[in-house]
Amino acid sequence: KVLIAAAAKDGSIHLLDAAALSGAPLAKTQPSSDLNPGALASWQDADDARWILAASKSKLVTWQLVEQNGSLTLQPGWVSREMVSPLAPIIVNGVVFAVSSGDRSTPAVLYAIDGELGKELWNSGKTIASFVRSGGFSASGSQVYLGTNDGTIYAFGFPIEH
C-alpha cells in the first residue's frame with residue numbers, strides 16, 4: 001500500500017490509504033495543541049519499521065507505524081530535547097537532522113539524532129551565529145546546509161555509507 005501521513009489543524013496525525021483518500025483514516029493520533037500542523041518527515045529503519053516525525057512548538061515528536069491483527073496504529077516513539085521553534089527535520093541514513101531555529105537573542109542549533117532511539121549524536125553548539133526564520137534547511141551528498149537570517153549559509157559534513 002501507498003500511505004499518506006498528514007497533520008491536521010487539531011494537531012493529530014492521520015494515516016491514509018492513497019488509493020482511498022475519501023475513506024476513514026487507517027490510523028490517527030490523539031489531537032495535540034502543541035503539534036504544529038506543518039511538514040512531516042518519514043523514514044524506514046534497518047528493521048523495516050516505518051517512522052513518522054513532526055515538529056511541535058518546542059520539540060520533535062515521533063510515532064512508529066505498527067501493524068497489529070491486520071490494522072495499523074501509530075504508537076508514540078521518542079521525543080527530543082526542548083528546542084526553540086524547531087524546523088521540519090531531514091532524515092539521512094537513519095539520522096534525524098533537526099534545527100532549533102532560535103530567535104533574535106538565541107542563535108540556531110543543528111542537531112544530529114539517532115532516528116530509532118532518539119539519542120542525540122551531535123550538535124553544532126555555538127557554531128551558528130544567527131537564527132533561522134524558516135526553510136533554508138537541506139541536505140545533499142554528505143552535507144547538511146542551513147541558511148540563517150544574517151545571510152550566512154552553513155555547511156556541515158557527515159560520513160555517508162558507500
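1. Along the principal axes, the C-alpha atoms fill a box of roughly 50 × 40 × 25 Å. The model is a predicted one, in which local features need pLDDT of at least 70 and side-chain atom pairs count only at pLDDT 80 or more, while totals for chains, interfaces and linings use all residues. Residues are numbered from 1 along each chain as its sequence is written, and side-chain values use heavy atoms, with hydrogens and water left out.

2. The chain has 14 strands and zero helices. Both kinds of element are DSSP runs numbered from the N terminus, with helices being H or I of at least four residues and strands E of at least two. Buried residues account for 40% of the 162 residues, where buried means under 20% relative accessible area, exposed over 50% and partly exposed in between (1.4 Å probe, protein chains only). Of the contacts in the chain with a separation of 6 or more, 34% are between residues 24 or more positions apart; a contact means heavy atoms within 4.5 Å.

3. Three strands form an open sheet in the order S1-S2-S3, with antiparallel pairing; two strands pair if DSSP finds at least two bridges between them. Strands S1 (3-7) and S3 (27-28) are at the edges with a single partner strand each, so one side of each has no neighbour in the sheet. S1 and S2 (residues 13-17) run antiparallel and are joined by five bridges. Within this pairing, Ala5 has Leu15 in S2 as its bridge partner.

4. Strands S13 (residues 143-147) and S14 (residues 153-157) are likewise antiparallel and joined by five bridges. They form a hairpin with five residues between them, and Gly151 in the turn has a positive phi of about 90 degrees. Leu146 stands opposite Tyr154 in S14. In a regular strand the side chains alternate between the two faces of the sheet. In S14, Tyr154 and Phe156 make up the covered face, whereas Ile153, Ala155 and Gly157 make up the uncovered one.

5. The largest nonpolar core contains 17 residues, and those with the most contacts inside it are Phe97, Val99, Leu110, Ile128 and Phe137. Such a core is a set of buried Ala, Val, Leu, Ile, Met, Phe, Trp, Tyr and Cys residues joined through side-chain atoms within 4.5 Å. Two or more residues each come from S8 (90-92), S9, S10 (109-114), S13 and S14, and S9 gives the most, with three. Ser100 lies in S9 (residues 95-100) and counts as buried at 7% relative accessibility. Not counting residues up to four places away in sequence, Ser100 touches Met83, Val84, Pro86, Ala108, Val109 and Tyr111.

6. Two salt bridges are present, each defined by a side-chain nitrogen of Lys or Arg within 4 Å of a carboxyl oxygen of Asp or Glu. In the pair of Asp34 and Lys59, the closest N and O atoms are 3.8 Å apart. Asp34 is in the loop between S3 and S4 (35-44) and Lys59 in the loop between S5 (50-56) and S6 (60-68), so this pair ties together parts 25 residues apart in sequence. Asp34 is partly exposed at 23%, as is Lys59 at 22%.

7. In the pair of Arg81 and Glu120, the closest N and O atoms are 2.9 Å apart. Arg81 is in the loop between S7 (71-79) and S8, and Glu120 in S11 (residues 120-123), so the pair ties together parts 39 residues apart in sequence. Arg81 is partly exposed at 44% relative accessibility, and Glu120 is partly exposed at 28%.

8. The whole structure has three aromatic pairs. Rings of Phe, Tyr and Trp (its six-membered ring) pair if their centres lie within 6.5 Å; planes under 30 degrees apart count as stacked, over 60 as edge-to-face and the rest as tilted. The Trp43 and Trp51 rings are stacked, because their centres are 5.9 Å apart and their planes are at 10 degrees. Both of these residues, Trp43 and Trp51, are buried. Trp122, Tyr154 and Phe156 form one aromatic cluster.
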